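Student: I should like to learn how to read this structure, one feature at a time. Please give me the general idea before each case.

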Amino acid sequence: MTGRFEMPEDRCVILARYMLEENCTVRSAAARFGISKSTVHKDLTEKLAARNAVLFSEVRKLLQKNKEERHLRGGEATKRKYAERKKA
């Protein structure tokens with residue numbers, strides 16, 4: 001799928017549903033849809049709140065969980081990076 005959407009206001013709902021179904025991060029959703037992380041974040045935190053309050057509430061929980069876990073993901077990425085260097 002490319003970064004093109006039928007209607008821009010629908011993009012926030014599509015992104016929200018995708019993130020909830022896949023339990024993914026803003027970064028991975030941005031990569032999947034070919035748009036920037038800041039666009040995904042703005043759609044989810046600003047536009048979605050005005051468009052669908054129930055969906056926004058669910059996404060907000062996921063964004064908070066991802067924020068709380070980001071230091072763990074960063075640590076794992078660094079661990080993998082140095083493990084790969086050690087093999088080479």
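Student: Which share of the contacts with a separation of 6 or more comes from residues 24 or more positions apart?

Tutor: Contact means heavy atoms within 4.5 Å. In this protein, residues 24 or more positions apart account for 59% of the contacts with a separation of 6 or more. Please note that this is a predicted model, in which local features need pLDDT of at least 70 and side-chain atom pairs count only at pLDDT 80 or more, while totals for chains, interfaces and linings use all residues. Residues are numbered from 1 along each chain as its sequence is written, and side-chain values use heavy atoms, with hydrogens and water left out.

Student: How many helices and strands are there in the protein?

Tutor: Helices (H or I, at least four residues) and strands (E, at least two) are DSSP runs, numbered from the N terminus. The protein has four helices and zero strands, and its elements run α-α-α-α from the N terminus on.

Student: What span should helix α3 have, at 1.5 Å a residue?

Tutor: The expected span of a helix is 1.5 Å times one less than its number of residues. Helix α3 (residues 37–51) has 15 residues and should therefore span 21 Å; its end C-alpha atoms are 20 Å apart, which agrees.

Student: Where is the kink in α3 centred?

Tutor: The bend at a residue is the angle between axes fitted to the seven residues ending there and the seven starting there. In α3 the kink is about 35 degrees and is centred on Asp43.

Student: Which residues of α3 are buried?

Tutor: Buried means under 20% relative accessible area, exposed over 50%, and partly exposed in between (1.4 Å probe, protein chains only). The buried residues in α3 include Val40, Asp43, Leu44 and Leu48. An α-helix has 3.6 residues a turn, so residues three or four places apart point the same way. In the protein, buried residues make up 27% of the 88 residues.

Student: How do the axes of α2 and α3 cross?

Tutor: Axes are lines fitted to C-alpha atoms, for helices over the stretch in contact, and angles run from 0 to 180 degrees between N-to-C directions. The axes of helix α2 (residues 26–33) and α3 come within 8 Å and cross at roughly 110 degrees. The two helices, α2 and α3, are therefore roughly perpendicular to each other; angles under 35 degrees count as roughly parallel, over 145 as roughly antiparallel, 65 to 115 as roughly perpendicular and the rest as oblique. Val26, Arg27, Ala29 and Ala30 in α2 meet Lys37, Val40 and His41 in α3.

Student: What is the phi of Asn23?

Tutor: Most residues other than glycine have a negative phi. Asn23 is not a glycine, yet its phi is positive, at about 50 degrees. Asn23 is found in the loop between α1 (8–22) and α2, and its 46% relative accessibility counts as partly exposed.

Student: Is Phe56 buried or exposed?

Tutor: Phe56, which lies in helix α4 (residues 53–87), is buried because its relative accessible area is 17%. Not counting residues up to four places away in sequence, Phe56 touches Leu44, Thr45, Leu48 and Ala49. Phe56 and Cys12 are 44 residues apart in sequence and 9.5 Å apart in space, C-alpha to C-alpha.

Student: Which residues does Asn66 touch, not counting residues up to four places away in sequence?

Tutor: Asn66 touches Met19, Cys24, Thr25 and Arg73 on that count. Asn66 is found in helix α4 and is buried, with a relative accessible area of 10%.
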